[in-house]
Amino acid sequence: MVGPEKTMAEAVAAFDAVRPRLFGIAYRMLGSVADAEDVVHDAWLRWQLTDRDQVRDPDGFLITTTSRLAINAATSARARREVYPGQWLPEPVDTAADPILQAERDESVELAMLLLLERLSPVERAVYVLREAFDYPFKQIGEVLGTSEANARQIGRRARVHLAEERHDPVARADHGKLLRSFLAAARAGDLDQLEKLLAETAVSYADGGGTVRAAPMPIIGRENVARYLVGVLAKFGRDLTFEIVESNGQPAVLASRDGTAVALLAVDASDEGIERVLLTLNPAKLARFQPMDGER
């Protein structure tokens, strides 16, 4: 007879083996580390209470459970964001330091893509994440959602069409890094002409202060407006900031800090036309996981 200690040890081992993937699914679905961790914790509780002797595929059970919990959480999160103070941006993560997301640096974890995914319904988002980020077959996705393979495929097609209306072909990682550094240099120098050259004509800037830090309440639209806004933001924060290039969500980003505390994270999304989106996270709660180092002044 198998003792309860061994049974629980086996349950823990099975869960830990797939936990990084569970978190990756939940984070992409919710754009929040805390919410994703809550979903993974709830999945663990379900796993504990399940008659595991009847589960032939533990990974499949846990992925299905997590995906369904994430869909429910995304529905609740959407309602909360309707009363969020100002603009909401996904919570950035330090993928250079996060062992869970480090091996999964794909397009679906980029901040700009996470923001676009918010425009999908929770079910569309689940299908897109499971298919595009984790390459699950539509038959399995249908089983996760409790629908047919054909319907899952149709939902996935609809999600891709919605995203294609807003998505452009991104630049190579090396070009992205060069653009970011040039952008930071121009913004710090207050060089509006150079900033405008780096921005796409239809550039948009988003800023998330979370009701704690003052930020633009609505997106700033247009090359000239974005350039002036960002120069103004730097002037408002003062000249005592330290800047460094960090890795956020698989891409280079600028972390600004003061006295060893992160105060802003600036990420950009770029195409061949220039920088298309500027995402400025100012909410202290979303920056708490970033630890500034000795960056360049």
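Student: Which helix has the lowest confidence in the protein chain?

Tutor: This is a predicted model, and the protein chain averages a pLDDT of 90. At least 70 is reached by 94% of the residues. Confidence is highest in strand β2 (residues 220-221), at 97. The lowest confidence, at a mean of 88, is in helix α1 (residues 4-30).

Student: How do the residues of the lining of the largest pocket divide by class?

Tutor: The largest pocket has a volume of about 270 Å³. Its lining includes Arg-78, Arg-81 and Glu-118, and also Tyr-206, Pro-217, Met-218 and Pro-219. Counted by class, the lining residues are 7 nonpolar, 2 polar and 3 charged.

Student: And how many charged residues are in the lining of the second largest pocket?

Tutor: The second largest pocket has a volume of about 160 Å³. Among the residues that line it are Asp-35, Arg-80, Arg-81, Glu-91 and Lys-286. The lining has 2 nonpolar and 2 polar residues, and the number of charged ones is 5.

Student: Which residues are closest to the centre of the largest cavity?

Tutor: The whole structure has 3 cavities of 30 Å³ or more, and the largest cavity has a volume of about 200 Å³. Of the 17 residues in the lining of the largest cavity, the closest to its centre are Val-233, Leu-234, Phe-243, Leu-266 and Leu-280.

Student: Are α2 and α3 roughly parallel, roughly perpendicular, roughly antiparallel or oblique to each other?

Tutor: The axes of helix α2 (residues 33-49) and helix α3 (residues 58-81) come within 9 Å and cross at roughly 140°. The crossing of α2 and α3 is right-handed. Angles over 145 degrees count as roughly antiparallel, and α2 and α3 are therefore oblique.

Terms used. Residues numbered from 1 in each chain as written. Predicted model: local features only at pLDDT ≥ 70, side-chain atom pairs only at ≥ 80, totals over all residues. Heavy atoms only, no water. 1 Å grid on protein atoms, 1.4 Å probe; cavity = no way out; pocket = protein on both sides within 12 Å on 5 of 7 lines; lining within 4 Å. Points joined across faces, edges and corners; volume = space filled by probe spheres on them. Nonpolar A, V, L, I, M, F, W, Y, C, P; charged D, E, K, R; others polar. pLDDT = per-residue confidence, 0-100. Helix = DSSP H or I, 4+ residues; strand = E, 2+ residues; numbered from the N terminus. Axes fitted to C-alpha atoms, helices over the stretch in contact; angles between N-to-C directions. Parallel < 35°, antiparallel > 145°, perpendicular 65-115°, else oblique. Left-handed = near helix turned anticlockwise from the far one by under 90°.
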